[in-house]
Amino acid sequence: MLGRLTFEAFLHEPSQNFAVLMMTLSGLAILGWITYLRKWKYLWDEWFTSVDPKRIGIMYIVVALLMFMKGFADALMMRLQQAFASGDVSGILSAGHFQEVFSAHGTTMIFFVGMGVVFGLMNLIVPLQIGARDVAFPFLNTVGFWLFAGAANLTVISLAIGHFSTAGWLAYAPLSGLEYNPGEGVDYWIWMVQIAGVGSTLSGINFLVTILKMRCPGMTFMKMPIFVWSALCSMVLVVFAFPILTATLVMLTMDRYLGMHFFTAGGGGNPMLYINLIWAWGHPEVYILILPAFGIFSEVVPTFSEKRLFGYTSMVWALILIAFLSFIVWLHHFFTMGASPLVNAFFAVMTMLIAIPTGVKIFNWLFTKFRGRVHFTSPMLWFFAFVLNFSVGGMTGILLSSPPVDFQVHNSLFLIAHFHGMVIGGLLFGFFAGFTYWFPKFTGFFLDEQLNRYAFWCWLTGFLLAFMPLYMLGFMGATRRLDHYEAATGWQPLFVIVAIGAVLILIGALIQFFGLFWSIRNRKKLWAGSDPWNGRTLEWAIPSPPPIYNFAIVPTVDQLDPLWAMKRGQLNLFNQPYEDIHLPKNTPIGLMIGFLSMTFGFAMTWHIYWLALLSFLAIIACIVIRCSGKDEHAIIPAAEVKKMEAAYKS
Amino acid sequence: MHDEMSLKEIQKEWHGSYRAYAIGFIGSLLFTLLSFFLVLSQTLIGAPLVYTLSGLSLTQAILQFVFFLHVGQEPKPKWETVLFAFMILVLLIIVLGTLWIMHDLNDRVMVGM
Amino acid sequence: MSDSLTIHHTREPFPDTSVPDPHQDIFSKTTLGFWMYLMTDCLVFATLFVTYAVLRHNTFGGPDSRTLLELPTAFIETLILLTSSLTSGLGLLAAKRSHRTALLGWFALTFVLGASFVAIEMHEFTQFVHAGHSWTRSAFLSSFFTLVGTHGAHVTSGLIWMCIMMGQVFFHGITVANFRRLVLFNMFWHFLDVVWIFIFTYVYLIGVL
């Protein structure tokens with residue numbers, strides 16, 4: 001009746017019980033608070049059933065931030081464990097629990113924080129910057145989001161019911177196979193990644209069509225903002241790399257559910273095939289995450305230098321080159337796993353090549369600031385931290401791209417320090433810069449700048465303390481995913497420093513969290529208006545927060561940085577008459593599909609096959625119902641639009 | 001919502017024609033028959049046969065992409081064609097890359113295993 | 001034609017600006033989006049194909065493709081699927097001319113052909129399993145069943161999609177939305193035939209050599 005789900009699945013070790021309790025209590029607190037404020041109808045009507053990318057974008061970021069809390073809690077647990085677990089001390093976590101923690105940490109951060117932040121920003125910024133009123137497929141947009149949210153929910157459920165995977169964030173075979181991991185952990189992982197992956201693919205298609213087909217008149221490719229270029233390249237990577245993940249996960253699923261032998265140790269299976277395929281997806285994935293961060297800096301740096309971006313064309317070509325090269329480097333993730341020198345050398349060279357366009361971008365940002373009037377706002381501070389940390393991480397990447405070096409430090413803490421430099425120093429710092437930069441656009445008020453700065457310094461020092469020693473530890477022989485080490489290694493002092501760094505980051509994150517609520521409280525004093533930064537791009541030409549239709553009149557552009565052109569009197573952006581505006585109606589079907597997918601994933605994990613079948617059929621039914629109905633649109637007549645615009649201006 | 005393009009207009013957008021389907025169908029039929037014939041009659045064997053079959057399948061696929069799926073016939077800008085070309089590029093990278101890597105790994109596995 | 005999401009060609013031309021894309025209507029956007037999805041499906045199949053290529057000799061003491069596969073089955077399946085591709089196209093041509101009865105007739109035929117294809121494939125699979133050559137026997141068999149089976153699952157999904165659409169055409173006639181979806185279905189169905197070309201060539205024809 002309930003597959004292999006038993007009461008035992010709800011019993012955990014004390015530390016995990018504590019985590020579940022905290023999570024349940026905070027979840028109930030939030031639900032209670034919403035009920036107390038009587039906001040459920042509002043949330044349902046205005047947010048959960050919304051097809052407005054501005055709403056969907058904010059929801060993506062909210063989920064990503066919630067998932068960040070979970071992933072960061074995992075990180076703190078690991079840091080605490082490793083600070084203590086030397087010699088005779090076994091630390092607070094058992095070995096099994098530690099394995100679940102690092103697997104959950106990676107999975108959560110990459111799939112739910114990273115992708116969530118990327119798609120959140122795509123939704124918020126891309127339609128505005130191309131002068132469009134919506135994305136190409138509004139319904140698909142809400143489906144993509146709710147699949148993402150449903151999968152994220154599965155991670156939360158996996159904490160409370162049963163155990164999560166212990167096979168790392170990529171679930172290498174044959175450890176992830178039936179023979180070595182028959183339990184529910186790897187299955188949880190498979191379904192949450194697969195469901196999130198389908199959502200990502202659908203959203204990738206959506207944004208790619210949007211950018212290709214919905215740019216406003218005059219916005220040819222070489223007049224698009226660089227953030228849109230970075231979105232374009234990132235979405236191309238999504239569309240062309242995620243299918244590899246989909247197919248590979250299907251094959252792992254076949255191995256686990258139907259006893260097949262794709263990646264098993266016996267039966268003719270080939271575990272290296274899994275590693276090859278998963279990284280053929282995995283490398284483009286990390287570029288999917290970083291390219292939008294580059295795009296954000298290309299928006300932030302010129303604005304706060306009062307100077308246009310240096311080398312626009314080379315920036316575009318750098319993005320395209322990086323995107324293409326990201327498809328032909330994947331073997332550098334497994335240099336040590338048996339390939340011949342020739343194969344290793346080819347991929348080594350390809351990997352080293354990526355440094356070139358990346359370097360071009362960094363120099364272009366720096367040249368943008370040269371002889372500009374630089375404002376040291378917190379987004380700019382995040383940019384400086386990015387240049388420092390991403391460059392250091394990038395240089396260690398060049399070290400790693402050499403197979404002889406990699407043979408020494410592969411899977412050591414040196415590697416961990418490298419990629420955290422890229423993901424935190426690159427993606428996360430970029431996101432923080434973008435979040436601060438665009439926050440006034442979507443809310444109408446600033447984030448408190450002083451609190452931003454305190455948070456920044458905590459993050460920067462915390463990051464340096466938490467990750468620079470890891471390079472040293474890697475050289476000293478410390479491998480990744482260690483829950484315990486011998487006292488004779490002498491590593492403990494460094495692990496303690498690293499833990500202190502993590503706590504500093506925690507303080508920084510808490511300041512940011514507090515700062516958000518503080519700014520909301522003081523929003524009247526922090527009022528920003530439609531164009532608080534003297535912006536260059538189209539999103540600053542409309543009120544803050546934007547009207548539901550974005551642009552009352554679709555803009556016409558004829559050059560880069562159209563808003564600066566307009567302010568100089570060179571361009572009349574809105575030279576058309578008001579017209580009726582058609583907006584797609586809200587729908588609950590996206591949410592239903594997401595919820596049913598989550599149920600499906602849960603049912604498949606626990607082998608509750610009748611429930612899985614039911615959920616699957618219900619999803620089909622939702623799609624059929626949606627496609628049978630008429631295209632529902634609401635119409636705002638031109639006269640009404642004119643009145644709304646007048647109200648915004650006053 | 002009123003239609004933004006009428007039925008007649010989209011019917012004109014779709015590029016199918018009797019001529020295209022005739023060419024596509026008969027051509028595919030001929031290539032299929034030829035492929036099966038070559039294998040069953042053993043007119044060719046070994047590597048030449050494999051290469052010929054590959055060539056035939058590729059040509060038939062292109063035939064169907066052009067005459068059934070109208071690749072290249074969309075109005076400018078020809079995004080479908082661009083995406084198709086890029087997909088082929090990624091496909092070749094993944095397929096040839098995987099074959100190369102797995103073959104290389106296999107070479108380095110001990111004899112008898 | 002006054003939709004906010006469409007570019008107005010009636011506007012006066014701007015100096016040195018070109019409308020990036022004159023076709024921003026739902027039909028063009030949807031066909032492009034669906035084409036993108038088909039491109040992702042191509043890559044899914046490519047991954048399954050390359051897996052088959054890597055694992056096809058890993059028979060683990062079980063049967064290999066030469067002993068197992070039979071060409072007559074593949075030949076009949078190929079002809080059936082190819083013909084169904086044609087009948088689907090003829091159905092679209094009827095839709096293009098708004099001939100509802102002809103449309104339903106051609107798609108009924110397409111359905112019968114598609115269902116026959118699935119039936120024959122199911123029969124082939126069942127025979128293999130009953131003879132003890134199931135997907136748990138070896139990596140070769142796993143990759144065979146998954147590659148060919150995934151294609152069959154796509155065809156089955158297409159059959160279900162066809163039924164639903166025929167229902168919609170039957171009850172609502174040929175509308176803008178229906179025509180658009182028929183075009184998408186037709187693309188999907190043709191795409192499945194292209195994938196099959198590579199299956200019958202690389203799995204069956206080359207497999208029996």
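**Figure 1. Chain A of this predicted model is built from 19 helices and 2 strands**. Along its principal axes, the C-alpha trace of chain A spans about 70 × 60 × 50 Å. A compact globule of 650 residues would have a radius of gyration near 26 Å, and the 25 Å found for chain A agrees with that. Buried residues make up 56% of the 650 in this chain. Looking at contacts in chain A with a separation of 6 or more, 83% link residues 24 or more positions apart.

**Figure 2. Here we zoom in on helix α5 of chain A, residues 138–160**. At 1.5 Å a residue, its 23 residues should span 33 Å, and the end C-alpha atoms are 34 Å apart, which agrees. The helix is mostly covered, with 18 of its 23 residues buried. Following α5(A) comes Gly162(A), which has a positive phi near 75°.

**Figure 3. Ala171(A) sits in the loop between α5 and α6 (184–213) of chain A**. This residue is not a glycine, yet its phi is positive, about 50°.

**Figure 4. Glu306(A) lies in the loop between α8 and α9 (312–325) of chain A**. Its phi is also positive, about 50°, although Glu306(A) is not a glycine.

**Figure 5. A cis peptide bond runs from Ser544(A) to Pro545(A)**. Its omega is near -10°. To find the spot in your viewer, look at the loop between α15 (492–521) and α16 (562–567) of chain A, where Pro545(A) has its place.

**Figure 6. Chain B has a cis peptide bond as well, joining Lys76(B) and Pro77(B)**. Omega is about -10° for this bond. Pro77(B) belongs to the loop between α3 (46–67) and α4 (79–107) of chain B. For orientation, chain B is divided into domain 1 (1–73) and domain 2 (75–113). The centres of these two domains, taken over C-alpha atoms, are separated by 23 Å.

**Figure 7. Chain A meets chain B through 18 residues of chain A and 14 residues of chain B**. Which elements give two or more residues to the chain A side? They are α7 (226–258) and α8 (271–303) of chain A. The largest share, 5 residues, comes from α8(A). By class, the chain A side of this contact holds 12 nonpolar, 5 polar and 1 charged residues.

**Figure 8. The contact of chain C with chain A takes 42 residues from chain C and 44 residues from chain A**. On the chain C side, the elements that give two or more residues are α1 (26–55) and α5 (139–172) of chain C. How many residues does α1(C), with the largest share, bring to this side? It brings 14 residues. Sorted by class, the side of chain C that touches chain A has 20 nonpolar, 17 polar and 5 charged residues.

Methods. Residues are numbered from 1 along each chain as its sequence is written. Chains are lettered from A and ligands numbered from 1 in the order in which they are written. This is a predicted model: local features need pLDDT of at least 70, side-chain atom pairs count only at pLDDT 80 or more; totals for chains, interfaces and linings use all residues. Helices (H or I, at least four residues) and strands (E, at least two) are DSSP runs, numbered from the N terminus. The radius of gyration is taken over C-alpha atoms; the globule rule is 2.2 Å times the number of residues to the power 0.38. A residue is buried if 20 or more other C-beta atoms lie within 10 Å of its own, exposed if 12 or fewer, and partly exposed in between; C-beta atoms are placed from the backbone. Two residues are in contact if their C-beta atoms, placed from the backbone, lie within 7 Å. Ala, Val, Leu, Ile, Met, Phe, Trp, Tyr, Cys and Pro count as nonpolar, Asp, Glu, Lys and Arg as charged, and the others, Gly among them, as polar. Domain bounds come from an automatic or database domain assignment. The expected span of a helix is 1.5 Å times one less than its number of residues.
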